[in-house]
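Reader: Could we go through this model together? I would like to ask about a few local features as they come up.

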Amino acid sequence: MWFRNNSLLSVLLLLLASWIAGSPSSAPRVDPTPIAILVQAQDVAQARLAVAAVGGTTTHELGIIHSVAAVVTERQRVALQEMPGNLRIFVNSPVKSAGHGESCPSTNFPSLIRADEVHDEGLTGSGVTIAFIDTGISAHKSLTRNTRNRTRLLAQYNAIDDREVYYTSDDDNGHGTHIVGASLSSAVGLDSGEFNGIAPNADLVSVKAFDSDGRGTYADVIRALDWVVSNKEAYGIRIVNLSFSATPRSAYWDDPMNLAVMKAWQSGIVVVAAAGNGGPDPVTIGAPGNVPYVISVGAMTDSYTPEDLSDDKLTTFSAAGPTAEGFVKPDLVAPGGHILAYMPDHAQLASEHPEFWASGSFFEMSGTSQAAAVTSGIAALMLEAEPSLSPNDVKCRLMSSARPALKEDGTLGYSIFQQGAGVADAFDAVQSEQYGCANTGLDIEEELLGEQHFVGLAREAEDGSFYLEGVDAFAWNGAFAWNGAFAWNGAFAWNGAFAWNGAFAWNGAFAWNGAFAWNGSEAWSEALSESSRVGHWVDPE
């Protein structure tokens, strides 16, 4: 356990010491620029008292991870680190979203993952709520109303200002609006006559945690997740979409945002996260996509030829695994190249990239952000079909029904560290009856208690290649041809030789025994002044 005793007495003593140190007889001090931090303790009250003890200012209470966000000086930060009571101090890093008379053009990505066939079966996401933590939303009818013209925007929460808002356009950036459109637009394409979104009748909760520049902080994101978990019953939230990604700076279990994400998964919410746009190099999966429990999504593209499946390929920007802890990521890939969706005219992204206006108010963007949004829509279709599915069930069925890219000889076209289980197939995911094939070997209860952590099966050889322990077929040296195209034809049976239900599951794990050394960059406690910028614009592919 991280916290084994109540240090209230220590906090009170330090309050007294702080008062004495700040008395008129003390020598004057000149403090440097304040630092934004997160303070984790046994509970929120202890963390808040600790900040007060050193003279800092609490800005957020983050009950989901027993923490507060605060502004302190360097001297106060040092005092907090020296305080008894097992306090943990993190930088409150800035984060940035990961992405990239009106006609209504048709979109192609729903048919690419066979969502149109699911719609033909009468499943459109009805009764399932997706929460989007992003830059907000513009109140366009294709987003706020379903196919029956009924309001489906159930709530809006501004995590930056800590307040609920009511049916307002609060997205000056445009990223959040585009993500929502890709996932659940109820618009119908003029050419195709089919829905432009994956789950056009799903309900919607919009949580704003990023500003007009697409920037936020760890505290804002964690407060957003806290609100989503606290309000999941009130609004029927079954899925939360996280289309952003930060560079990991510690083991996945030692990242405060990841802890909040794991709490959401534990609460019964399906968490869908962007893998990140830092590819094509290996070990580029971002946080929170590096959390082994959640559904982490990479991006593929149809190469602008929706009718020709033979040239479909991975995007060059899609982040690749494994994670530093040895887990295979991404879990799967979904359409994320030149995704067409509604964008408000005033949006900053559209102003910065006017060349990507497509038709009317529709805008092209690429990113694993869009791929995550598509996958969240698929999850809504699955939960409408079978509401009793757990987050692990949804992940299992998504992965076991995915279609891996293959070469002509039937071998994998891309490593599993690049494509995961393959491209999502909405129809087969909805029809799947699989159980028990995701997150094997993991224990989220022990994880969140701090009693046990886990590592995956991936290893790095002396020559720099990556492989799965005991499985030569999955070796990868990071040198796959990114300009190649392979067939996503579903001919490869994941329940056969590579054993979704056989000798091993490659998404399995075993208990960390302390011998696994995090080999990333500086630890959180040593990086308090370092900022983190997540995601970047990528030109549509």
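Reader: Which residues does the disulfide join?
Author: In this predicted model, the disulfide joins Cys396 to Cys437, with an S to S distance of 2.0 Å. The structure holds one disulfide.

Reader: Where do the two cysteines of the pair sit in the chain?
Author: Cys396 is in helix H13 (residues 391-400), and Cys437 is in the loop between helix H15 (426-431) and helix H16 (444-449). The pair links distant parts of the chain, 41 residues apart.

Reader: And is the disulfide right-handed or left-handed?
Author: The torsion about the S-S bond of Cys396 and Cys437 is about 105°, so the disulfide is right-handed.

Reader: Is Cys437 buried or exposed?
Author: Cys437 has a relative accessible area of 3%, so it counts as buried. Cys396 is buried too, at 0% relative accessibility.

Reader: Turning to the sheet of four strands, what is the strand order?
Author: The order is S2-S3-S1-S4; the sheet is open and its pairing is antiparallel. Strand S2 (57-62) and strand S4 (88-91) stand at the edges; each has a single partner strand, so one side of each is left without a neighbour in the sheet. From one strand to the next, the twist averages 30°.

Reader: How many bridges join S1 to S4?
Author: Four bridges join strand S1 (residues 35-40) to S4, and the two run antiparallel. Gln40 stands opposite Arg88 in S4.

Reader: Which strands does helix H2 lie across?
Author: Helix H2 (residues 44-53) lies across S1, S2 and strand S3 (67-72), and it runs at about 10° to S3. Helix H8 (residues 218-230) also packs on the sheet, where it touches S1, S2 and S3. The direction of H8 makes about 35° with that of S2.

Reader: Next, the backbone. Which residues does the cis peptide bond with omega of about 10° join?
Author: That cis peptide bond joins Gly279 and Pro280. Pro280 lies in the loop between strand S12 (270-274) and strand S13 (295-301). A cis peptide bond also joins Lys329 and Pro330, with omega of about 0°. Pro330 is placed in the loop between strand S14 (313-314) and strand S15 (332-335).

Reader: What is the phi of Arg114?
Author: Arg114 has a positive phi of about 65°, although it is not a glycine. Its place is the loop between helix H4 (109-112) and helix H5 (115-120). Arg114 is partly exposed, with a relative accessible area of 21%.

Reader: What about Asn149: buried or exposed?
Author: Asn149 is exposed, with a relative accessible area of 53%. Asn149 is not a glycine, yet it has a positive phi of about 65°. The loop that holds Asn149 runs between helix H6 (141-144) and strand S7 (153-158).

Reader: Last one: where is Gly456 found?
Author: Gly456 is found in the loop between strand S19 (454-455) and strand S20 (458-460). At 0% relative accessibility, Gly456 counts as buried. Gly456 and Trp512 are 56 residues apart in sequence, and their C-alpha atoms are 9.2 Å apart in space.

Terms used. Residues are numbered from 1 along each chain as its sequence is written. This is a predicted model: local features need pLDDT of at least 70, side-chain atom pairs count only at pLDDT 80 or more; totals for chains, interfaces and linings use all residues. Side-chain values use heavy atoms; hydrogens and water are left out. Buried means under 20% relative accessible area, exposed over 50%, partly exposed in between (1.4 Å probe, protein chains only). Two strands pair if DSSP finds at least two bridges between them. Axes are lines fitted to C-alpha atoms, for helices over the stretch in contact, and angles run from 0 to 180 degrees between N-to-C directions. Contact means heavy atoms within 4.5 Å. A disulfide is a pair of cysteine sulfur atoms within 2.5 Å.
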